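Hi,

Here is the model I promised to pass on. Have a look at it first, and then read on for what I found.

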Amino acid sequence: MNAPDPALARTLRKEPPRSPPRRLWKRVSRAIGDVLPKGLYARSLIIIIAPVVLLQSVIAYTFMERHWQLVTKRLSAAVTADVAALIDIYESYPQDKDAETLARIAGERLNLDLDILKGAKLPPPGPRPFFSILDEALSDEIKRQIRRPFWIDTVGRSNLIEIRVAIPDGVMRITARRSQAYASNSHIFLVWMIGSSLVLLGVAILFLRNQIKPILRLAAVAEGFGKGREIEFRPRGAREVRQAGHAFIEMKRRIERAMEQRTTMLNGVSHDLRTILTRFRLSLALIEQTEEIEDLSRDVDEMSRMLEGYLAFARGDSAEPATPTDMRALLEDLRTDVERLGAHVSAVDLAGAPEVTVRPGAFRRCLFNLAANAVRYGETVAISGRLEARTFLVSIDDDGPGIPAESREDVFKPFVRLDDARQDAGGSGLGLSIARDIARAHGGDITLHDSPLGGLRATVRVPA
């Protein structure tokens with residue numbers, strides 16, 4: 001059956017079609033979501049850092065654009081005015097032929113070094129610097145105030161600037177300190193701004209990390225509870241996080257009370273039914289043993305086995321605590337049990353760390369159910385275990401007839417039997433269901449595949 005057309009579906013639901021801006025915004029938001037980190041801690045850092053960086057960028061641009069350029073322009077205008085005044089004095093009072101008095105006044109009063117290069121010409125213009133506020137501002141001021149051919153060098157010597165202006169008998173050369181025409185200490189403001197921002201971000205990250213820790217702890221405890229592990233937990237952090245922690249503890253207590261009540265009820269039912277079955281067995285034992293009585297005895301035994309299977313399926317093994325378990329010893333015990341059932345175990349391999357945290361009794365029962373199913377339909381069984389990326393896997397292979405791929409999920413359903421089913425022939429029909437429930441109670445699962453031995457491979461995955 002073909003998938004319905006989205007446009008037709010929207011028409012049937014009487015929804016208006018999405019506009020191009022809405023589609024574009026959805027695509028952009030999806031692309032941004034794919035790029036952004038998925039963790040709460042990383043996203044919270046972005047929420048804090050992004051506004052700070054944006055604010056600092058705006059402040060830095062405003063400072064550079066308005067303050068720095070304005071101060072540099074004013075200083076350049078002042079230096080240019082001093083140079084224009086020196087030129088006017090030199091041309092208005094020719095009695096100072098060697099300009100010694102003018103040079104002395106320039107040095108003492110204006111902090112400028114002045115030289116008259118008689119008969120000299122201006123050097124050819126050099127390449128302008130790629131980015132220099134001083135060069136641009138000083139050139140504009142000289143053009144506006146002096147209006148004569150000039151040559152400036154703002155990059156030759158880092159702490160000095162040189163200005164040469166054409167005069168009738170040569171060139172006037174003025175050397176000034178760079179700080180007289182340029183706001184050279186502006187970087188101090190930027191350093192203080194960036195430094196204070198880093199300090200504030202560090203404090204924010206430290207506090208944010210302490211606020212994220214309780215959330216991560218709550219998630220770890222919830223995951224451990226789902227795997228059947230008992231982890232000590234005490235709510236910490238902000239008020240909302242504490243409320244979530246207390247709500248989780250209350251939910252955990254309710255679940256445990258419900259499980260305890262169910263277990264108590266099932267134990268009572270089990271006790272009552274076993275009492276009745278015991279009376280049946282006693283009555284049948286006192287009656288003369290005939291063929292009909294033997295058939296009734298077998299029915300009572302079958303009923304007893306079915307009762308145990310039903311109660312085990314309904315009760316589960318949640319009361320057993322999870323503990324570090326030696327997988328090598330457990331698989332060796334499983335091998336002994338399988339050989340006791342009459343099958344040949346070709347190999348028992350274990351790769352990786354031998355110790356995994358599981359409920360040992362329940363996990364052993366899970367593996368035994370799978371192994372018993374393999375023994376029932378095969379003659380050779382292979383058992384292997386390995387550790388892969390924090391997941392422990394146990395594979396049980398056999399050389400039996402196998403199960404069709406389309407029917408492999410059905411055999412895990414309670415009381416379901418296939419024609420060539422490998423699920424508890426003659427039993428209660430709950431062996432594989434119980435095995436999968438145990439695996440999922442550990443936070444794992446069971447999958448079925450083709451076996452290298454020619455039959456079926458059952459793979460149990462549980463968190464290591």
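First, a definition: buried here means under 20% relative accessible area, exposed means over 50%, and partly exposed is anything in between, with a 1.4 Å probe and protein chains only. Keep in mind that this is a predicted model, where local features need pLDDT of at least 70, side-chain atom pairs count only at pLDDT 80 or more, and totals for chains, interfaces and linings use all residues. Residues are numbered from 1 along each chain as its sequence is written, and side-chain values use heavy atoms, with hydrogens and water left out.

The overall picture

The protein chain has 11 helices and 11 strands; these are DSSP runs numbered from the N terminus, with helices being H or I of at least four residues and strands E of at least two. Of its 464 residues, 33% are buried. If you take contacts (heavy atoms within 4.5 Å) between residues at least 6 apart in sequence, 64% of them join residues at least 24 apart.

Helix 2

How many of the 16 residues of helix 2 are buried? The count is zero, so to speak a helix that is hardly covered. The expected span of a helix is 1.5 Å times one less than its number of residues.

Next comes an open sheet of four strands, in the order 1-4-3-2 and with antiparallel pairing. Two strands count as paired if DSSP finds at least two bridges between them. Strand 1 (112-118) and strand 2 (150-153) are the edge strands, each pairing on one side only. From one strand to the next the twist averages 15 degrees; for angles, axes are lines fitted to C-alpha atoms, for helices over the stretch in contact, and the values run from 0 to 180 degrees between N-to-C directions.

Helix 5 (residues 133-145) packs on this sheet, where it touches strand 2 and strand 3 (160-167), and its direction makes about 160 degrees with that of strand 2.

Going through the pairs:

- Strand 1 and strand 4 (residues 170-177) run antiparallel and are joined by seven bridges; Asp113 stands opposite Thr175 in strand 4.
- Strand 3 and strand 4 are also antiparallel, with eight bridges, and they form a hairpin with two residues between them. Ala166 has Val171 in strand 4 as its bridge partner.
- Strand 2 and strand 3 are joined by four bridges and run antiparallel; Asp153 is partnered by Glu162 in strand 3.

Strand 3 is mostly covered, with six of its eight residues buried.

Strand 10 and strand 11 (residues 456-463) run antiparallel and share six bridges, and Asp450 has Leu456 in strand 11 as its bridge partner.

Helix 9 (residues 327-340) has 14 residues and reaches 20 Å between its first and last C-alpha, close to the 20 Å expected. Its buried residues are Met327, Leu330, Leu331, Leu334, Asp337 and Val338. They cover an arc of only 115 degrees around the axis, which puts them on the same side of helix 9; the arc is that of the directions from the helix axis to the C-beta atoms. Among the elements they pack against are strand 5 (323-326), strand 7 (355-358) and helix 10 (360-377). Just after helix 9, Gly342 takes a positive phi of about 105 degrees.

In helix 10, the 18 residues should span 26 Å, and the end C-alpha atoms are 26 Å apart, which agrees. Its buried residues include Phe363, Cys366, Leu367, Leu370 and Val375.

Best wishes
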